[in-house]
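Please keep the sequence and the structure in view while reading.

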Amino acid sequence: MGTLQMMKCVIIILMVTGLVKSGSGEEYQVGVGIADMTGPCADIGFMGYADLGQKGGGIHLRQFSRAFIFVRGNTRVVLVTADIHSIDTGVRRQVVQNLQQRFGNLYSLRNVILTGTHTHSGPGGYLGNFLFSVPTLGFSKETFDAYVNGITRSIVNAHNQIVPARLFVSSTHVLNAQMNRSPYSYDQNPAEERQRYNSNTDTELTQLRVVKSDGSLHGVLNWFAVHTTSMNMTNRLISSDNLGYAAMRMEKELNPGRWAGKPAIVGGFFSASLGDVSPNIRGPRCERSGQKCDNQFRLCDLFELCFAQGPGEDMFESTKKIGEAIFLGAMEALSLPGQEVRGSLRVVNQFLDMPAESGFRYDPVQRKFTNERVHGCVPSLGYSFASGTFDGANGLNITQGTLVGNPLLDAITSIIGKATPADVACHAPKPILLATGRANFPLPWHPNIVTLSLINIGGFAVIGVPGEPTTMAGRRMKDVVADVLKQNGFEPKVVVSSSANDYAHYVTTFEEYQVQRYEAASTVYGPHTLDIYLNKLKEYTIATIVGNIIPEGPEPADLLNQTISFIPSVPTDNAPFGTNFGDVLQQPPEIVKAGEIVTVMFVGANPRNDLRQESSYVVVEKLEQGGWITVATDADWDTRFSIERVEGLFSSSIRATVTWRASSDRTLHRVSYNGAARGFLGNIVSFRGVSNPFMII
């Protein structure tokens, strides 16, 4: 019996024994829901690598939003993990408005917590602040609407499936799925602090499982620290990356026979303290020489890229290997009895004007706050921000760890926004490259106001961070919250959810900030950003225990009506002379061996005409009992859907290519393609193309 089969047997035994039993002991009601949130898969630039040339050209894995609603007494909390780079107040505000149209004031900005898995392979242009729209040529309402609608629908689905439930927390460690991409920065932290841990990454996977009254599984929430950057910056297919793969695998395992993205038992994966954590565990190498590099002490030749690769031979295999390791860790955690969570349910969600915030310096060795007062800064990005990380590739080979600015470059970037002497002093030793907090044309480049949140479910605490904390920054956050919980009689378990509610780049420790690698240069509110968050988290934790009301804080302005866009509109579609939309240009062979790649090409149209949320551009069917039944869609791992524009004599057309790795089901199959074409007057006409059948042997 294999390891996975043994885990499944243990899970079944736990469900039918007294370890996870039915009964009347439920303290909570919990709803679980999922929805397709896939954005436009053509023409729109991806959010993450900030590469102007990386635009969508199809689908590798669909994007999904997974929602969990916790209710106890008069308190309810929504927690969402979405296959998206990050969230901002504009997205969250619109989701809440949609919910309030259905449910009144049951849901608000106070109790709706949205997080992103941080995939770098999804369409961008949906965040309000201008800096985030530069790589996408402005704001994409298509992307914004797709994400808002999908997230809203997942919460509605969860609302409609609220049932009495019990909660159990367990954890395990996942090895060989991550590496620290800035170990030099990590080593700046106090030796006494580092000695408390056996790794410079957080290898723990923490899981909260939701069990119904009858003992059956309702949903699973998992937290693990890894960047969703197994898919690299050459990728042009929408993909939920390694965490999306882990979620898909878990849902397939827990929901046999159900299509991808249509599970009854939902498995959500949240990005934890991922700031300095890479999945590309073979490490960075110079692309031509193959020599090790780090863009700081070991540099490549001029214009030679320094980038890292994952454990696979290509990015697809690497995504699968990292995702599989995380999935197996989650299944191992699910096979453990776990500790039942009991007690009050509380949530704190506060807007913070970071340049105006202050607090006390935190001593990580003594694990207590000092009397030293510290302050936030007006947002700015440092020189090493331009160096990027080795998860992407830095075409200019700019050196990380830069501590001295360039007067000529400073003069050029000051046109965007000029840092004041106070800004320079506040951010030191960071040399300011972009004073984004001083840039307001055509609208603000960075938010001054961000959201920090804390959910406390009977001592199980979820910290919602508006950005990407490094490993040690996340550990300090967990320490502060756990210490308060322990002092008040709880046996705490604390997790960090990154990319929550707002996106404000990175959060490093004060010590890591001093050496100004990429993560520190991207800590936009200055060296004491983490200290401010720690002060607030202590306050929030106390409030969730004693019931104090935390003021909402200054809600940021609505920027959606100020956005601009240079994204081209969807052009008229054309079929090549003598063809129709959906015609098959390349048929599959009549006989296919199991495991072989089947390729079918169609006369296509721009997929922006119809995003087909909750549906599919691709359907693989098999013949069974005289009828064709679906066996795979474009949400499945073994399918890929890509488009390319082909120039003709008088006009261009789109060719759609579908590939599918043939299963071992030895019967007749066929591939169909669903599309929608835009006419000269803007009218949209749906069509379907179907391949010849083929036999798998």
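Three disulfides are counted in the chain, a disulfide being a pair of cysteine sulfur atoms within 2.5 Å. The model is a predicted one, in which local features need pLDDT of at least 70 and side-chain atom pairs count only at pLDDT 80 or more, whereas totals for chains, interfaces and linings use all residues. Residues are numbered from 1 along each chain as its sequence is written, and side-chain values use heavy atoms, with hydrogens and water left out.

When the bonded cysteines of the protein chain are numbered in sequence order, they pair as 1-3, 2-4 and 5-6. The geometry of the links is set out below.

| Disulfide | S to S distance | Angle about the S-S bond and hand |
|---|---|---|
| C286 and C300 | 2.1 Å | -95°, left-handed |
| C293 and C306 | 2.1 Å | 100°, right-handed |
| C377 and C426 | 2.0 Å | -90°, left-handed |

The disulfide of C286 and C300, with its sulfur atoms 2.1 Å apart, links distant parts of the chain: C286 belongs to strand β13 (residues 283–286), while C300 lies in the loop between β13 and β14 (306–309), 14 residues apart. Strands here are DSSP runs of E with at least two residues, and helices are runs of H or I with at least four, both numbered from the N terminus. C286 is buried, at a relative accessible area of 4%, and C300 also counts as buried, at 9%; buried means under 20% relative accessible area, exposed over 50% and partly exposed in between, for a 1.4 Å probe and protein chains only.

C293 is joined by a disulfide to C306. Because C293 sits in the loop between β13 and β14 and C306 in strand β14, this pair ties together parts that are 13 residues apart in sequence. C293 is buried, with a relative accessibility of 1%, and C306 is likewise buried, with a value of 1%.

The disulfide between C377 and C426 has an S to S distance of 2.0 Å. This pair, too, links distant parts of the chain, with C377 in the loop between β18 (368–375) and β19 (381–382) and C426 in helix α9 (residues 421–427), 49 residues apart. How do the two cysteines stand in accessibility, buried or partly exposed? C377 is buried, with a relative accessible area of 2%, whereas C426 is partly exposed, with a relative accessible area of 25%.

A further cysteine, C41, is buried at a relative accessible area of 1%.
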